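Open the model in a viewer and follow the stops below in order. Each stop gives a selection and what to look for there.

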Amino acid sequence: MAGLAAAFGSGAMTNSIADLGEADVALVIGSNTAEAHPIIGIELKRAAKNGTRIIMVDPRRVRLADHAERWVAIKPGTNTAFLNAMMSIILAEGLADHAFIAERTEGFDALRRLIEDYDVDAAAEICGVTAEEIRQVALAYGSAGKASIVYSMGITQHTSGTEQVRAIANLAMLTGNIGRPGTGVNPLRGQNNVQGACDLACLPNCLPGYQPLTERGTLDRFCDYWETDHELPAESGLTLVEMMDAAVAGELKALYIMGENPAVADPNQTHVLEALEALDFVVVQDIFMTETAAFADVILPAATFLEKEGTFTNTERRIQRVRKAVDAPGEALADGEIILRLSRAIGLEMDYETPAEVMREMAEVTPQYGGVTYERLEATGGLQWPCPDADHPGTPILHAERFTRGKGAFAAVDYVPSPEQVDTERPLILTTGRQLWNFHTNTMTDNSPGLAELSDHPYIEMSRADAEPLGICDGDLVEMTSKHGTVTAHAHVGRENAPKRGVVFMPFHFADAPANRVTSSAVDPTSKIPGLKVTAVRITKVKTPSN
């Protein structure tokens, strides 16, 4: 969000899911779309069948590569060098859209100085690919009438994640691939309502609608609306990683955790567990017992999405109704009801009778949601923000006439190596992620016997080129060690999704062998997102009686 908001004024998917099929070329970079976002993966497979040229840039041969015209096996963390080299070739070949640049953007001269003499051969060496591979991707994207970019956490979960997103925005603006069907920059959200949670201020630095906390006028408007004399502090709060640091330092005393399992999901697990132990008071609100709930002083049983009313806002900015289908079991309550009861218990009476009343307030204080009501959602099946008033039909494509910030902003960002570098002691790069049969930290999918049977154990993927010199065969038990910890799992050697040489992959779903035991909590200085996609490790075969 930080990178796109700086470039475009809005940190959301610019186009619609169905619009992906309109692209002549779709550059999918840093996204295992078919497994982590399978519905969008289906759209991309359908697009490929109907003639869209899919180009995959990823360290692993992920499932969508089977439907792609080209797979480029890039080294984790080198996306900025790859994208800058692409732009250098596009500029040299006369494929830049100079009319779009002149009319719709600013700051191009600084980027041009960076890329016009960019060393493509050096970039290729950094990325672990050939200069010809970069050239072919650049020509395909740059010459397309309509080109779309799809990306996910393989771009963002780096200590230079914001710069990598800025590089993607640069590429789209350089070629004029913004604001039209079949174009755009499309970040894929990790869960079904991440977009909605961000829209409504589940972030440490803003109020609903991304209105900044640091502006006194914004705070005063909200206080006037809420009819309170309290003065809200004009300063940002802590991100999740910063909360863990503060807990260990004794500066944070209590934590209220809703629908999140940081004991497994967050980087540097040893540090996270130390933080949870250090807190004076922990509340966990969730639908199942989790590894994090084991640290809780109070557990509040929550209802699932099938047991409550409300809305979700998905990755394409579409606000949709959620309807109660069954009653919640036992004492479980909808999240909103829990918050209302807690609020009353501490003396703040909130008088919402229904979720529809909450939506009405959301519309009044959130400009992007200004024209959204339950009645309209029922009638239309969903609205895409911005939808500023009751007569507005919603916005399938952002930035069609102008960017949210006025003009799109180029940024001259160059490749910055990850702080996690391989050496003789730790010669391999670990990258983490998801796979199809398990979701996030397995809180739900491990409680589904059918899904659990399809994928019931942790594993580490390796190429044959890396495994054979270590005497490791498919199925062997191996130990993986970084500066931060050690984890043991079985090796998957040379299978269909195997990463490129020098890279290993581990899904982070499994609590009995958590990948995040070995990852670092170093963060991007702007967005504060952790660099989960690059960790230097060594792998050794575990001696057992059978070997």
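Select Phe8, Phe100 and Phe403, which form one aromatic cluster. Rings of Phe, Tyr and Trp (its six-membered ring) pair if their centres lie within 6.5 Å; planes under 30 degrees apart are stacked, over 60 edge-to-face, and the rest tilted.

This is a predicted model, in which local features need pLDDT of at least 70 and side-chain atom pairs pLDDT 80 or more, while totals for chains, interfaces and linings use all residues. Residues are numbered from 1 along each chain as its sequence is written, and side-chain values use heavy atoms, without hydrogens and water.

The structure holds four aromatic pairs. For one of them, select phenylalanine 108 and phenylalanine 410: the pair is tilted, at 5.3 Å centre to centre and 55° between the planes. This pair links distant parts of the chain, 302 residues apart, with phenylalanine 108 in helix 6 (residues 108-115) and phenylalanine 410 in the loop between strand 15 (408-409) and strand 16 (428-433). Helices (H or I, at least four residues) and strands (E, at least two) are DSSP runs, numbered from the N terminus.

Next, select phenylalanine 222 and tryptophan 226, a tilted pair with 5.3 Å centre to centre and 55° between the planes. Both lie in helix 12 (residues 216-226), four residues apart, about one turn of the helix.

Last, go to aspartate 512, in the loop between strand 20 (503-507) and strand 21 (535-541). Aspartate 512 counts as exposed because its relative accessibility is 60%; exposed means over 50% relative accessible area, buried under 20%, and partly exposed in between (1.4 Å probe, protein chains only).
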